[in-house]
Amino acid sequence: MKKTLADIDVKGKKVLVRVDYNVPLDANLKITNDKRIMATLPTIEYLLKKNAAIILMSHLGRPKGKVVPEMSLKPVAVRLGEVLGKPVKFVGGDCISAESKKAAKDLKPGQILLLENLRFHSEEEGKNAAGEKDKSSMDAFAKDLASMGEVFVQDAFGTVHRSHASTAGIVKYTKDAAAGFLVEKELKFLGEALEKPVRPFLAILGGAKVSDKINVIENLLGKVDSIIIGGAMAYTFLKAQGVSTGTSLVEDDKLDLALDLLKKAKERKVNFLLPVDHVITNKVDFASKSVPSDAVVETTIDEAIRDGFMGVDIGIKSIEKFAEVVKSAKTIVWNGPLGIFEIDEFSKGTVEIAKMVADATDEGAISVVGGGDSVSAVKKAGVDKRISHISTGGGASLEFLEGKDLPGIAALPDKK
Ligand code: AMP
């Protein structure tokens, strides 16, 4: 178990907090969704109560080591100030400039400073000023950041799978470090689901590619009782077993691997469920995410998809078959939509599964949904409030499900 905020002394201290303020901005640099800011409030409010001086650090976008004014964190400082009802200091320019360091030095207990975008420095991502990989530059940058505070709090779950200066490197240069409340919550839900799940344990995986989720499937096969595969991923598994898949998205170079995974599932007695029918079409406009008016849309009678047609959603029989398993599950982990849910006509399978997962949660199951698209899907179904935990980090939650060590977590000290 890693140390959490409640385990360390922050009273009156200068606390460096890594947050994930990688928020979407429109052309006028207005924040279009502030959920990442809101997600950090429990940690910030706790630190304010402890009379700490708070120095917030984040990245925004991919400036690749250059100062890109449109990627400044200034709008975030303004928004956070509005939300908290107190000013948030912001220097701008360079997060480790003499001016930033002075602002950190002068910061009083109960005050907040947000540093400028960490990724304006290529050292944040482990590169030197010339853009070459360079660990010593990263270390020096981490040390510079650490010099501005006393203790470090990791609350940016969205970046803990990265080994960067502000996520992992900084820890060894601070007196003490811990996970913030947001990261603690992620570790609790994801960790408990994987380490001590209440059974039956079900994983639902969907999305575009098997290749993105091979390691997740491998890891989960050793833990779950059942696994439901939907989305385009399912067609690679079906084709590998000789089922016709028409023009569906199939990864032909992964057919052997799909067979291997099916074999492993059998050996481990995992109930491996694939769709038994599909919604298919002969035309989709992927660019505009719409169905052309002359497209033919039908539901198949079984697994097979005829020539010239592609699978775009699971069919009614699949929904019914999957319902049995979802209903009886006591732990559910879900990553990836079961069809092209962005197009209303093809969203039924994903939306129905989302409702079932919410119903199962109402009946006492623990449900954890991760990955940007699955989160949008539970929102589209209007059931996001009824899910036990919605993960804030797509890439990080996927790597957690793969069983990988997350550098930003691994670097934190263990609880005594
Ligand atoms: P991922 O990022 O791997 O979770 O993939 C999410 C994407 O998979 C979404 O944009 C879906 O539209 C897409 N997707 C799901 N099912 C299908 C399908 N049957 N055919 C093509 N794309 C799909």
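I looked up I353 and found its place in helix 11 (residues 348-362); helices here are DSSP runs of H or I with at least four residues and strands are E runs of at least two, numbered from the N terminus. The model is predicted, with pLDDT of at least 70 needed for local features and 80 or more for side-chain atom pairs, while totals for chains, interfaces and linings use all residues. Residues are numbered from 1 along each chain as its sequence is written, and side-chain values use heavy atoms, with hydrogens and water left out.

**Entry: I353**

Is I353 buried or exposed? I noted a relative accessible area of 0%, so I353 is buried (under 20%; exposed is over 50% and partly exposed in between, with a 1.4 Å probe and protein chains only). I then listed its contacts (heavy atoms within 4.5 Å), leaving aside neighbours within four places in sequence: I204, I314, F322, W334 and L338. I also checked A258, which is 95 residues from I353 along the chain; their C-alpha atoms are separated by 23 Å.

**Entry: helix 10 and helix 11**

I found helix 10 (residues 316-328) packed on helix 11 at about 20°, with the axes 10 Å apart. Axes are lines fitted to C-alpha atoms, for helices over the stretch in contact, and angles run from 0 to 180 degrees between N-to-C directions. Helix 10 is therefore roughly parallel to helix 11 (under 35 degrees; over 145 is roughly antiparallel, 65 to 115 roughly perpendicular, the rest oblique). From helix 10 I recorded I316, I319, F322, A323 and V326 in the contact, and from helix 11 K348, G349, E352, I353, M356, V357 and A360. I sorted these residues into nine nonpolar, one polar and two charged (nonpolar: Ala, Val, Leu, Ile, Met, Phe, Trp, Tyr, Cys and Pro; charged: Asp, Glu, Lys and Arg; polar: the others, Gly among them).

**Entry: helix 7 and helix 13**

I read an angle of about 40° between helix 7 (residues 210-221) and helix 13 (residues 394-401), with axes 8 Å apart. The two helices are therefore oblique to each other. Helix 7 brings D212, K213, V216, N219 and L220 to the contact, and helix 13 brings L398, F400 and L401.

I traced six strands in an open, parallel sheet, in the order 3-4-2-1-5-6; two strands pair if DSSP finds at least two bridges between them. Strand 3 (89-90) and strand 6 (176-179) are at the edges with a single partner strand each, so one side of each has no neighbour in the sheet. Strand 1 (residues 14-18) pairs with strand 2 (residues 53-57) over five bridges, and K14 has A53 as its bridge partner.
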